[in-house]
Amino acid sequence: MTSEAPRAVTPTPPSGPRGIAALRSLERLRVDFLAELGRLHDAYGDVCLISGAGQRYLVLFHPDDVERVHVGAAASVRKGFAIRRARRLLGNGIITSEGEFHGSQRRIVHPCLQRRRVAGYAADMVAETDRVVDDFPAAGGEVDLERAMGNIGLGIIGRTMLGVDLRGDAAVVYRALDVARGQFAATLAPLAPVTSLLPLPGPLAFRSARRTLRRVVGEAIDSRQRAGTADDDPDLLDLLLASRDDAGRPMPRRQVVDEALTMVLAGHETVANTLAWTLHLLGRHPELRERLVDEVDSVLGGATPTAEDAERLPWVRAAFLETLRLYPQCYSMTRTALEPIDCPHVRIERGWEIIVPQWTIHRDPRWWPDPERFDPTRFLDAAPGRATGDRPKYAYFPFSGGRRACIGQPFSMLEGVMVLARLLQRVELAPVAASPQPSPHAVFTLWPGSFRMHATPRASAATA
């Protein structure tokens, strides 16, 4: 069986490195993924087939091919090698699971991520932002911006999804994440499934970090179970604990931890990193920052932002979306072809690993004029994720797409707008010249690394 495309297929096999050149390219992808993507696109165009190490890796740079894989041929692929390796950290949660099991887990958690339910989280998002800003130097001073956004994100996820306060565990979580990030490249090495089991320093440190993260989440679950809940609207943990299979059995403890850990790590770090990148970009473009401040002051008038205000803050929303274009937290995805797939520019054979790089597609000058420029106006008039003029739909897909699109997109977008609006109300953040500047680290997310900004309380800061 072949999954057919509506358009003609390129009749010749795709070009790309082979043999020793392929092995070198695969190693460069492992250690400097983003740079190697650019090199491959420049050298081979929209389709690149890397043939080496007994495997074929197909990199798709054209949005039409991406749409074919994500939508038209979604049943013909499964999650690729990178996601399968991520199970070592996340377990078999909603990001890494497959097939019918993934569908059942998605249905379980969906009620707490519906738009109506998400709107009710806005007050918690603002409150957690205030908690962190209240710890900034009262007279102004430097703050670790990456860590501050992480604290906000962790507080929000703990409060809204698990009904617990995770801020007391923040230092432990960050130390474990630092270890996991440091071992990320090693998890993608060809022999990683073997070396990860050996008593070597790296794998031992990774396993210790994984145990720490699972312990923190497990203790949060225990604390919540002891406290119970009086909320009429169940949160994520309520839904997981209340779920039953066809035989009436509750979800196994290990699976509850997998799902909660996935939400804690993916749910807090993706938005936290995007906020950090946004504030960094606004610090480099003070004229744009002032435009956003003017909008926040004009629309809110000093009042606390609410979910209803999100649509009234188009510049804030556009800045967040533009940051996701430049620094997509899901910077690349992998799929494995289960059968031949005919795409507009290539025929994909069964067993090929498919790499879909948002990082490169989001910066393609064919779809984004002056692509390296931070320009929120790109998203003021056009809805993201829709074809516009000569720009294909999948020229922008920071939340993936198709039936595997990120279930947390409404939550992430509301959190981004609420937190950014509140920060713009309360503080002015400016670059610190002597501080290391953020740079994209392609690990589990597109992490900016640690960097500092100078925070000055605004004289007209809202406290309502």
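## Close-up views of a predicted model

**View 1. Asp-165 and Arg-131 form a salt bridge, with 3.1 Å between their closest N and O atoms.** The model shown here is predicted. Asp-165 sits in the loop between α8 and α9, and Arg-131 sits in helix α7, so this pair ties together parts 34 residues apart in sequence. Asp-165 is partly exposed, at 48% relative accessible area. Arg-131 is partly exposed too, at 26%.

**View 2. Arg-159 and Glu-128 meet through their side chains in a salt bridge of 2.8 Å, N to O.** Arg-159 belongs to helix α8 and Glu-128 to helix α7, so the bridge ties together parts that are 31 residues apart in sequence.

**View 3. Asp-134 and Arg-426 form a salt bridge, their closest N and O atoms 2.9 Å apart.** Asp-134 is in the loop between α7 and β4 (141–144), while Arg-426 is in helix α18, so the pair ties together parts 292 residues apart in sequence. Arg-426 counts as buried, at 16% relative accessibility.

**View 4. Thr-129 lies in helix α7, which covers residues 122–133.** Its relative accessibility is 0%, so Thr-129 counts as buried. Which residues does Thr-129 touch, leaving out those up to four places away in sequence? They are Ile-152, Val-419, Arg-422 and Leu-423.

**View 5. Glu-146 is buried yet has no salt bridge.** This residue lies in helix α8 (residues 145–162). The nearest side chain of opposite charge is that of Arg-147, 4.1 Å away. A salt bridge needs the nitrogen and oxygen atoms within 4 Å. Not counting residues up to four places away in sequence, Glu-146 touches Arg-181, Ala-276, Trp-447, Pro-448, Gly-449, Ser-450 and Phe-451.

**View 6. Tyr-174 lies in helix α9 (residues 170–182).** At 6% relative accessibility, Tyr-174 counts as buried. A polar atom of its side chain lies 3.0 Å from the backbone oxygen of Gly-150. Tyr-174 and Asn-151 are 23 residues apart in sequence, and their C-alpha atoms are 9.8 Å apart in space.

**View 7. Asp-370 and Ser-400 each have a positive phi, although neither is a glycine.** Most residues other than glycine have a negative phi. Phi is near 50° for Asp-370 and about 65° for Ser-400. Asp-370 is in the loop between α17 (358–361) and α18 (409–426). Ser-400 lies in the loop between α17 and α18 as well. Asp-370 is partly exposed, with a relative accessible area of 45%. Ser-400 is buried, at 14%.

**View 8. Val-194, Leu-198 and Leu-200 form a nonpolar patch on the surface.** Together they have about 240 Å² of accessible area. Leu-198 is found in the loop between α11 (192–195) and α12 (201–227). At 37% relative accessibility, Leu-198 counts as partly exposed.

Note on methods: Residues numbered from 1 in each chain as written. Predicted model: local features only at pLDDT ≥ 70, side-chain atom pairs only at ≥ 80, totals over all residues. Heavy atoms only, no water. Patch = residues over 30% accessible without salt bridge, like charges linked within 9 Å, V, L, I, M, F, W, Y side chains within 5 Å. Areas by Shrake-Rupley, 256 points an atom, 1.4 Å probe, with all protein chains shown as cover. Helix = DSSP H or I, 4+ residues; strand = E, 2+ residues; numbered from the N terminus. Buried < 20%, exposed > 50% of the residue type's maximum accessible area, 1.4 Å probe, protein only. Polar contact = N/O pair within 3.5 Å; in protein donor to acceptor, adjacent residues only side chain to side chain. Lys, Arg positive; Asp, Glu negative; His and termini not counted. Contact = heavy atoms within 4.5 Å.
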